[in-house]
Amino acid sequence: MMSRKIALAGFAAALLLPALAFAQQVSQERIINGLGKLQGAAPIVDVELLRQEALNGSGKQMSGLPNWSKVARLPQMVVEIDFANDSVAIEPESYRTLGMIADALHHPNLWAYKFLVVGHTSSTGTDQHNLDLSQQRAEAIKEILSTTFAIDPSRLYAVGVGEYFPIEGSKSEAANNRRVQLYNLGVFTKKP
């Protein structure tokens, strides 16, 4: 599978642990283990409600909103994907990370699940600009995973939250808040 992908040097990724949010390099195995820790049934999460809360929640921390608080209980990982400044263009060095994510999502331990791709920004732009940019970046990740790496697009959902879901304990303008988060939304069921 990796041979089909663009193998470029350099990547950084992190697992978001319950009380810690720090970057560490990960392997495909760590991605699989991190996203596969779903105990029992996942809480039902309505992605459209998440999107509406993000659109209407300007100025509020997403983690305190009703539907986003459900998402916080799901297996997740934080991935550092580098974008060109103020752009949705993915930097070439991030394709290796995307390839590792795709391999993990194709793995038998994860192939039956659906995932939420959440885009974030730092607070260096306006609220609306950051929200739009984070949505476009989340959609760019979804698109490349489905078009380049053959992940079924109906397994992926993209929502941007702008600057209102910063890494705990970090400054909102910090560069590490320009990140992408993946959440395991539970078992995927194809529509008839």
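Arg179 is buried in this predicted model, with a relative accessible area of 5%. The protein averages a pLDDT of 78, and 82% of the residues score at least 70.

**Arg179**
- Arg179 is placed in the loop that lies between strands S4 and S5.
- Arg179 counts as buried because its relative accessible area of 5% falls under the 20% cut-off.
- Leaving aside residues up to four places away in sequence, Arg179 touches Val78, Val79, Val118, Gly119, His120, Phe165, Pro166 and Ile167.

**Helix H5**
- Helix H5 comprises 21 residues, 127-147.
- From its first C-alpha to its last, H5 reaches 30 Å, which is close to the 30 Å expected at 1.5 Å a residue.
- Buried residues of H5 include Asn130, Leu131, Leu133, Ser134, Gln135 and Arg137.
- Further along H5, Ala138, Ala140, Ile141, Ile144, Leu145 and Ser146 are buried as well.
- The cover over these buried residues includes two helices, H2 (47-56) and H4 (95-106).
- Strands S3 (113-119), S4 (156-160) and S5 (180-187) are also among the elements that cover the buried residues of H5.

**Packing of H4 against H5**
- The axes of H4 and H5 are 10 Å apart, and the two helices pack at an angle of about 65°.
- The crossing in which H4 passes H5 is right-handed.
- On the H4 side, Tyr95, Leu98, Ile101, Ala102 and Leu105 take part in the contact; on the H5 side, they meet Ile141, Ile144 and Leu145.
- Sorted by class, this contact of H4 with H5 has eight nonpolar residues, with no polar and no charged ones.
- Ile141, Ile144 and Leu145, which meet H4, are among the buried residues of H5.

**His106**
- His106 belongs to helix H4.
- His106 is partly exposed, because its relative accessible area of 29% lies between the 20% and 50% cut-offs.
- Although His106 and Ala150 are 44 residues apart along the chain, their C-alpha atoms are separated by 8.9 Å.

**Confidence of the prediction**
- Over residues 1-24 the pLDDT is below 50.
- Beyond near neighbours in sequence, the stretch of residues 1-24 has 51 contacts in the model.

How values were computed: Residues are numbered from 1 along each chain as its sequence is written. This is a predicted model: local features need pLDDT of at least 70, side-chain atom pairs count only at pLDDT 80 or more; totals for chains, interfaces and linings use all residues. Side-chain values use heavy atoms; hydrogens and water are left out. Helices (H or I, at least four residues) and strands (E, at least two) are DSSP runs, numbered from the N terminus. The expected span of a helix is 1.5 Å times one less than its number of residues. Buried means under 20% relative accessible area, exposed over 50%, partly exposed in between (1.4 Å probe, protein chains only). Contact means heavy atoms within 4.5 Å. pLDDT is the predictor's confidence in each residue, from 0 to 100. Axes are lines fitted to C-alpha atoms, for helices over the stretch in contact, and angles run from 0 to 180 degrees between N-to-C directions. A crossing is left-handed if the near helix is turned anticlockwise from the far one by less than a right angle, and right-handed if clockwise. Ala, Val, Leu, Ile, Met, Phe, Trp, Tyr, Cys and Pro count as nonpolar, Asp, Glu, Lys and Arg as charged, and the others, Gly among them, as polar.
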